[in-house]
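Here is a short walk through one protein model. Keep the sequence and the structure in view as you read.

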Amino acid sequence: MNNIFESRESEVRSYCRVFPAVFKTAQGAEIFDDSGKRYIDFFAGAGTLNYGHNNPLIKPRILEYIQHNGIIHGLDLHTTAKQAFLETFDNIILRPRHMDYKIQFPGPTGTNAVEAAMKLARKYTGRNGIVAFTNGYHGMTAGALAATGNAYHRQVSGGLLNGVSFAPYDGYFGPDVDTISYLRKLIEDDSSGLDKPAAVLLETVQGEGGVNVASTQWLVAIESLCREHGILLIVDDIQAGCGRTGTFFSFKPSGISPDIITLSKSIGAYGLPMSLVLMKPELDCWEPGEHNGTFRGNNLAFVAANEAIRIYWSDNTLSLAVQHKSHLLKRYLRKLCDQYPGTGLSVRGRGLFVGLASDQFPQVARRVSAEAFRHGLILETCGARDHVIKFLPPLIIEETMLDEGLNIFAESVRAVMQQITNTPAGGLPDSLTQEVHP
Ligand code: PMP
């Protein structure tokens, strides 16, 4: 394809290689390309469109705000839009959950929120080290990238990734190894070589790392370890938060109380960039402008977020709907796995944050994603070997559309599995074993 994207856009482009269409319009869980072809979107901007594309309940507020010449760009100036957002977030999200946090608006990307969180932990404790986890993903800027496990992303950093030590995530060595005891030993042994860290940084469900779910027991044990040793606990809820796992904050069911929380992706509600760092009030040791940025006040995002929180989080209707659809999705996928015994397919995840792992034939995931795309379904792959197919439909997806997407998915799995079984000795044809990085 010789086009302006190929001739002018940098080779760094990635998703567009996997989903090669020119997209034009979108609504809810559907997205259309410039030829009018319809796709069901189980990708949802990597978890940014929890309320769907162009949500019709949020859109009128945005249009009205623009129509009335509302402030669009405001650095960190006080604006009525920001005021309304903060009040709504306080009244509907924080107070009912008995959560007392100060709110920082860093630059609008997730990685900027993680940078700010790491800086704050270092400043507050006066210590340098951060403990992050195997297969974790926290962003691409130097600080956050230092806490990201993936070698493909780390290798271009010129060796400048400092100040982070990695510990094994829950289940890293399989279900029988207690990875907390390992970390506890490192922290408590003065000769382990691990200096006492400022913070432990984790995702409750690792998104890019393969939809790996930390158990409640593991999260509670990490929190105790942190408390015992005066180490701050940072939960990166950028992908798992904003209702993705069924509760607004992914860690809420575990009962833990992180010192710092990062939010991004769906907090802007309409696909609008915005991110937040929540910190326990006593940690707020920033001096004015110490973590600065031009785009810390996306007022359109404040308007959208305010509306989404009022509509979707004033009661538990959305939460219950996510849990119900999660049940339907997992049940469907488990039945699908049962149809392919011996192929090592398995289902994992929480809420509408679900993965289908193909451990035995990692290339199957990419192949199924490509096949599904041809038939009008968008699904991302993730995991260290790209061996997990990730299901992130908008939370508001109708059950009929969820089902329609799943049927396309099942057909795509069937087509790819047929290729495997038609290959001598049950191996993969060459075309399936070639790795293409996005
Ligand atoms: N943390 C997590 C858990 C993420 O999933 C991501 C994005 N995939 C980031 C941080 C980085 O966010 P951004 O791409 O907006 O910088």
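The tour goes from the ligand to a helix beside it, then to other helices and a loop.

This is a predicted model. Begin at the ligand. The residues around it are Thr109, Gly110, Thr111, Tyr137, His138, Gly139, Glu203, Glu208, Asp236, Ile238, Gln239 and Lys265. This shell divides into 2 nonpolar, 6 polar and 4 charged residues.

A polar backbone atom of threonine 111 is 2.8 Å from an oxygen atom of the ligand. Tyrosine 137 also uses its backbone: an N or O atom there lies 3.4 Å from a nitrogen atom of the ligand. Lysine 265 uses its side chain, where an N or O atom is 3.1 Å from a ligand nitrogen atom. On its own, the ligand has 390 Å² of accessible area, and the protein covers 83% of it.

Now turn to helix H6, residues 110–125. Gly110 and Thr111 belong to the ligand shell. Both are also buried residues of H6. Further along H6, the buried residues include Ala113, Val114, Met118, Leu120 and Thr125. How far apart should the ends of H6 be? At 1.5 Å a residue, its 16 residues should span 22 Å. The end C-alpha atoms are 23 Å apart, so the model agrees. Glycine 126 follows H6, and its phi is positive, near 75 degrees.

Next comes helix H12, residues 317–338. Its 22 residues should span 32 Å at 1.5 Å a residue, and its end C-alpha atoms are 32 Å apart, which agrees. Among its buried residues are Leu318, Val322, Lys325, Leu329, Leu333 and Leu336. An α-helix has 3.6 residues a turn, so residues three or four places apart point the same way. What do the buried residues of H12 pack against? Their partners are helix H11 (299–313), strands E13 (345–350), E14 (353–358) and E17 (388–391), and helix H14 (399–421).

Buried residues of H14 include Met401, Leu402, Gly405, Phe409, Val413, Val416 and Ile420.

Finish at a loop. Aspartate 190 lies between helix H9 (179–188) and strand E7 (199–202). Is aspartate 190 buried or exposed? Its relative accessibility is 80%, so aspartate 190 counts as exposed. Now find glycine 342, which is 152 residues from aspartate 190 along the chain. The C-alpha atoms of these two residues are separated by 46 Å.

How values were computed. Residues numbered from 1 in each chain as written. Predicted model: local features only at pLDDT ≥ 70, side-chain atom pairs only at ≥ 80, totals over all residues. Heavy atoms only, no water. Helix = DSSP H or I, 4+ residues; strand = E, 2+ residues; numbered from the N terminus. Expected span 1.5 Å × (residues − 1). Buried < 20%, exposed > 50% of the residue type's maximum accessible area, 1.4 Å probe, protein only. Contact = heavy atoms within 4.5 Å. Near = heavy atom within 4 Å. Polar contact = N/O pair within 3.5 Å; in protein donor to acceptor, adjacent residues only side chain to side chain. Areas by Shrake-Rupley, 256 points an atom, 1.4 Å probe, with all protein chains shown as cover. Nonpolar A, V, L, I, M, F, W, Y, C, P; charged D, E, K, R; others polar.
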